[in-house]
Amino acid sequence: MAIRVAQIGTGNVGVHSLTALINNPAFELTGVWVSSESKAGKDAAELAGLDSSTGITATTDLDAVLATGPQCVVYNAMADNRLVEALEDYRRILAAGVNIVGSGPVFLQWPWQVIPDEMIKPLEDAAREGNSSLYVNGIDPGFANDLLPLALAGTCQSIEQVRCMEIVNYATYDSATVMFDVMGFGRPMDEIPMLLQPGVLSIGWGSVVRQIAAGLGLELDGLEEIYVREPAPEDFEIASGHIAKGTAAALRFEVIGLVEGAPAVVLEHVTRLRDDLCPEWPQPAQEGGNYRIEITGEPCYAMDVCLSSPNGDHNHAGVLATAMRIVNAIPAVVAAEPGIRTTLDLPLVTGKGLYAAG
């Protein structure tokens, strides 16, 4: 029997989730929530860019979506700049007895010791009340730095350090809110954006470091964060807008998990808006960028994960993978014990039923 699922948000990630829910017979779409009145009233298929009608129209009323009786919702609404609202959405949905798979806020990948307990408790209480489960994942945070490094670590005799890297050109990533307001690209170099305010990196990617440490059985002394930014050498354009000469155009940061003062688990991002910027920084294994896992130990590993797509570039592939990581986990999350669930809790999600002949 198909699992009844509702879609929350139809932006860069949500449009791919919605397409999957419509096309995959394992799911029955019950409702769609949108954030803008301009999308309200439109058929789900139109929002997904599909030809055939579903008969399900989008609404801005979350209660109306929950009233359609979904067993699970896919939550892809913007969360980075509306954390309080997103967490309240999660609490309401869980308390209503509906499971959730989501792409953000990313710290819910592994929230413990990352965000205050008073932010976690309402979600855990709501999950118990509704007998429901919550799973937040994607690609980064997500499978690129939880499932894959832990799988490699499981073949080691000893481990000195696990490092997960994203080395990506973000020029084609089309989200002005994320690019300019959150990450600070195109902003003056003396202006500190949301992402780089003290402690924010450790909230955003501390979940990665903490979850890997938990998978390795490590008790971390704490987290450190470092970053460096570089300016644009001239004016140029990206998908999200204009980058003026002298404004931020490249960013490199690390979130470091320490054990007895040594960097045991490291999350590193190397982000450029042009391939020729900061050539001395780590370079990607393919044009546009990739994810990289490095394990120092016995044996050592260096694995490059290169995403591509016949329908777009590496950023398109990454957004699609973010959506499908959580959509494909829906059966496991619906079957899971109530509460906040993580990659360490769920069975392996294999892509069952997704084969399609070329």
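**From one glutamine outwards**

Gln-211 sits in helix α8. Helices here are DSSP runs of H or I with at least four residues, strands are runs of E with at least two, and both are numbered from the N terminus. This is a predicted model, in which local features need pLDDT of at least 70, side-chain atom pairs count only at pLDDT 80 or more, and totals for chains, interfaces and linings use all residues. Residues are numbered from 1 along each chain as its sequence is written, and side-chain values use heavy atoms, with hydrogens and water left out.

Is Gln-211 buried or exposed? Its relative accessibility is 0%, so Gln-211 counts as buried. Buried means under 20% relative accessible area, exposed means over 50%, and partly exposed lies in between (1.4 Å probe, protein chains only). Which residues touch Gln-211, leaving aside its neighbours within four places in sequence? They are Gln-109, Trp-110, Asp-146, Thr-342, Thr-343 and Leu-344. Contact means heavy atoms within 4.5 Å.

Now take the helix as a whole. α8 covers residues 200-216, 17 residues in total. From its first C-alpha to its last it reaches 24 Å, close to the 24 Å expected at 1.5 Å a residue. That expected span is 1.5 Å times one less than the number of residues. After α8 comes Gly-217, with a positive phi near 75 degrees.

Why is α8 described as largely enclosed by the rest of the structure? Because 12 of its 17 residues are buried. The buried set includes Leu-201, Trp-205, Val-208, Val-209 and Ile-212, and also Arg-210 and Gln-211.

The unreviewed UniProt entry annotates residues 145-349 as "domain: 2,4-diaminopentanoate dehydrogenase C-terminal". UniProt positions are given in the numbering used here, feature names are shortened, and annotations may be inferred rather than shown by experiment. The span is 25% helix and 34% strand, and its end C-alpha atoms lie 15 Å apart.

Some backbone details come next. Gly-104 and Pro-105 are joined by a cis peptide bond, with omega about 0 degrees. Pro-105 lies in the loop between β5 (99-102) and α5 (117-130). The loop between β5 and α5 also holds Gln-113, a residue other than glycine with a positive phi, near 65 degrees. Gln-113 is exposed, at 56% relative accessible area. Asn-131, in the loop between α5 and β6, has a positive phi near 55 degrees and is exposed at 59%. A cis peptide bond also joins Asp-140 and Pro-141, and Pro-141 is in the loop between β6 (133-136) and α6.

Finally, the whole chain. The protein has 10 helices and 15 strands. Of the 358 residues, 53% count as buried. Among contacts with a separation of 6 or more, 71% join residues 24 or more positions apart.
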